[in-house]
Amino acid sequence: MALDHAILVSLLEKPGSGYELARRFERSIGYFWTATHQQIYRVLKRMEGDGWVDVRDVPQHGRPDKKEYSVADAGRAALSAWLAAPIEPESVRHDLAVKIRGAAFDDPAALVGEVERHRQVHTDRLAHYLAGEARDFGEPPAEGGPSAADGPLDAERELQHVVLRGGIAYERMMIVWLDDVLATLGRFETAR
């Protein structure tokens, strides 16, 4: 995925300045696609030149005017074409997994601290996702609760939520796997 497409999606959700986009990337989109402020501004300038985004100056009191970006027709067409095009399924490229396999040729127990660090990162990210879910979507429906069949749903919010649920499921899976890795490494610590 190009940064262009992530920016288009974010601007379709809500027009904004480059600064506001960067904040959105830090808050939500950034967990699935990261970009620096400089990258965002560079891509916005190119997209403006390509006619993908419209820009308007917004006066601000006591501060310089800001530029607010929104998606132009050409940007919608580009996003639509990208959405319709097939993409390759992502492959797992995981440095920690290679380290774990390689530990068989060194001291497996020496990886415990690194695996614990990774587990903490995933635990923290899961807590962040769950807090965001509660803040932005309320408590998830109970088993047998309301569903799409119960009435019309807001596609934008439902699709944002399903992506977040994917992130939650991924973090939970990683924690379970890292617990398994720690248990396996623990057998090597006791064997020493």
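Where is Ser10 found? Ser10 sits in helix α1. What you're looking at is a predicted model, where local features need pLDDT of at least 70, side-chain atom pairs count only at pLDDT 80 or more, and totals for chains, interfaces and linings use all residues. Residues are numbered from 1 along each chain as its sequence is written, and side-chain values use heavy atoms, with hydrogens and water left out.

**The helix pair**
- Helix α1 covers residues 3-13 and helix α2 covers residues 18-27; helices here are DSSP runs of H or I with at least four residues, and strands are E runs of at least two, numbered from the N terminus.
- The two helices pack at an angle of about 100°, with their axes 11 Å apart.
- α1 and α2 are therefore roughly perpendicular to each other (angles of 65 to 115 degrees count as that).
- On the α1 side, Leu3, Ala6, Ile7, Ser10 and Leu11 make the contact, and on the α2 side it's Leu21, Arg24 and Phe25 (contact means heavy atoms within 4.5 Å).

**A closer look at Ser10**
- Ser10 is buried, with a relative accessible area of 0% (buried means under 20%, using a 1.4 Å probe and protein chains only).
- Leaving aside residues up to four places away in sequence, Ser10 touches Leu21, Arg24 and Ile29.

**The hairpin**
- Strands β1 (residues 53-60) and β2 (residues 63-71) run antiparallel and are joined by seven bridges (strands pair if DSSP finds at least two bridges between them).
- Val58 stands opposite Lys66 in β2.
- Two residues lie between β1 and β2 in this hairpin, and Gly62 in the turn has a positive phi of about 75°.

Methods. Axes are lines fitted to C-alpha atoms, for helices over the stretch in contact, and angles run from 0 to 180 degrees between N-to-C directions. Angles under 35 degrees count as roughly parallel, over 145 as roughly antiparallel, 65 to 115 as roughly perpendicular and the rest as oblique. Buried means under 20% relative accessible area, exposed over 50%, partly exposed in between (1.4 Å probe, protein chains only).
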